Amino acid sequence: MGPSAPALRRTALHDRHAALGARLIEFGGWEMPVQYRGILEEHRAVRSRAGLFDLSHMGELWISGPAAGEGLAYALVSDPPRLTVGRAHYSMIVAPDGGIIDDLIVYRVAPERFLVVPNASNAEIVSREVTERLRGLDAAVDDATMRTSLLAIQGPRAAEILAPLADVDLASLKYYTIAEGHAAGVPAWIARTGYTGEDGFELFVAWHDALTAWERLLVAGADAGLVPAGLGARDTLRLEAGMPLYGNELDRDTNPFEAGLGRVVKLDKAGDFVGRGSLQEVAGSGPRRTLAGLVMRDRGIARHGYPVYAPASGTETAHPAIGEVTSGTASPTLGVPIAMAYLPPDRVEPGTMVEVGIRDARAAAEVVPLPFYKR
């Protein structure tokens with residue numbers, strides 16, 4: 001018999017998810033709820049009312065010390081020292097060749113203290129890499145992933161539901177900011193960030209406080225239509241909002257400029273950073289491929305890994321693929337199948353027609369601007 005597979009990690013809310021009838025799946029080494037009553041219902045609740053997500057599988061790294069900002073500026077493509085206390089920004093950590101190791105959010109919570117949030121599947125890798133890149137600097141890395149629960153309340157009624165339960169003035173908490181206080185009966189870092197394209201908040205709480213916060217939020221939001229939501233709805237929501245997913249749009253073979261995220265690369269910051277030379281070269285020459293939005297104009301749904309072709313001319317059908325679909329779904333909000341795909345730079349002008357290989361057929365698709373949906 002071969003070696004047994006490592007046991008999946010479970011969040012502090014695992015038993016509650018099971019009691020709510022969630023369908024649980026493996027994701028990033030964790031057993032997570034993919035849906036409760038159904039992806040479509042949960043998706044629409046977030047777009048029209050509010051949804052509550054357990055995101056405790058995400059990583060939490062605290063970087064502290066006099067050289068914390070300097071160290072992160074070297075470790076990441078962005079420039080965390082530019083953040084004022086209480087602000088956050090989207091960032092990436094790349095390999096020396098510019099390939100994306102992970103995308104993440106950086107919060108500055110004090111002059112010499114930052115919170116870095118990587119994806120679940122990459123949390124341990126990012127923790128090791130950041131620790132190595134800060135070696136020799138007056139900065140410490142504290143991986144608090146297994147001590148931290150993360151809840152997200154997202155949707156147009158999120159602020160209305162959370163405000164009476166928080167001692168932080170949510171109206172003064174702008175997009176991509178964070179404040180320390182109490183929420184839903186427990187101490188929390190309250191951030192106005194999210195991954196759905198809607199307004200909303202993410203609550204970083206102690207691991208053992210998750211159940212208290214989860215229950216109080218569901219009770220408080222019941223009349224406003226708040227529902228628990230799983231990773232399935234989170235995926236369709238982020239796709240409509242044109243937000244990349246690591247392992248789909250982003251990976252070690254992709255650089256930020258190809259993903260349309262060159263804006264996060266601060267080539268003008270002082271000092272060197274890992275990947276600078278490679279990314280400077282891409283910025284000068286231009287990416288070899290570009291992430292684009294697609295709307296299907298024929299029947300069929302484009303899925304991850306499906307090939308994309310230039311439209312066949314005449315009887316020609318054997319030309320090679322020019323790109324590949326990274327994510328695709330039937331958009332619950334727009335009512336049409338949508339997808340993201342990597343295409344040659346000369347094929348990403350909105351209105352350009354391409355064909356997606358779906359099993360043995362080719363289905364027409366039109367290039368459209370990202371995001372597909374804006375609130």
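**View 1. Strand β7 is largely enclosed by the rest of the structure, because ten of its eleven residues are buried.** The strand covers residues 100-110. Keep in mind that this is a predicted model.

**View 2. On one side of the story, β7 pairs with strand β6 in the antiparallel sense.** Strand β6 runs through residues 88-94, and its pairing with β7 takes in seven bridges. To find your place, look for histidine 89, which stands opposite valine 106 in β7. The two strands make a hairpin, with five residues between them. In that turn, glycine 98 has a positive phi of about 90 degrees.

**View 3. β7 also pairs with strand β8, again in the antiparallel sense.** β8 is made of residues 113-117, and five bridges link β7 and β8. Valine 106 turns up here too: valine 116 in β8 stands opposite it.

**View 4. Helix α4 lines up its buried residues on one face, since they fall within an arc of 140 degrees seen down the axis.** The helix spans residues 123-133, and its buried residues are Ala123, Val126, Ser127, Val130 and Arg133.

**View 5. The structure holds one cavity of 30 Å³ or more.** The volume of this largest cavity is about 30 Å³. Around it sit Phe53, Leu55, Ala152, Gln154, Gly194, Tyr195, Thr196, Glu202 and Arg234. Sorted by class, that lining comes to four nonpolar, three polar and two charged residues. As for how such spaces are found, rolling a probe the size of a water molecule over the atoms shows where empty space is left.

**View 6. The second largest pocket has a volume of about 200 Å³.** Its lining counts 13 residues. Which of them lie nearest the centre of the pocket? Those are Arg9, Gly28, Gly29, Trp30 and Glu124. By class, the lining of this pocket has six nonpolar, five polar and two charged residues.

Definitions and conventions:
Residues are numbered from 1 along each chain as its sequence is written. This is a predicted model: local features need pLDDT of at least 70, side-chain atom pairs count only at pLDDT 80 or more; totals for chains, interfaces and linings use all residues. Side-chain values use heavy atoms; hydrogens and water are left out. On a 1 Å grid over the protein atoms alone, a cavity is a set of points where a 1.4 Å probe fits but cannot get out, and a pocket is an open set with protein on both sides within 12 Å along at least five of seven lines; lining residues have an atom within 4 Å of a point. Grid points are joined across faces, edges and corners, and a volume is the space filled by probe spheres set on the points. Ala, Val, Leu, Ile, Met, Phe, Trp, Tyr, Cys and Pro count as nonpolar, Asp, Glu, Lys and Arg as charged, and the others, Gly among them, as polar. Buried means under 20% relative accessible area, exposed over 50%, partly exposed in between (1.4 Å probe, protein chains only). Helices (H or I, at least four residues) and strands (E, at least two) are DSSP runs, numbered from the N terminus. Two strands pair if DSSP finds at least two bridges between them. The arc is that of the directions from the helix axis to the C-beta atoms.
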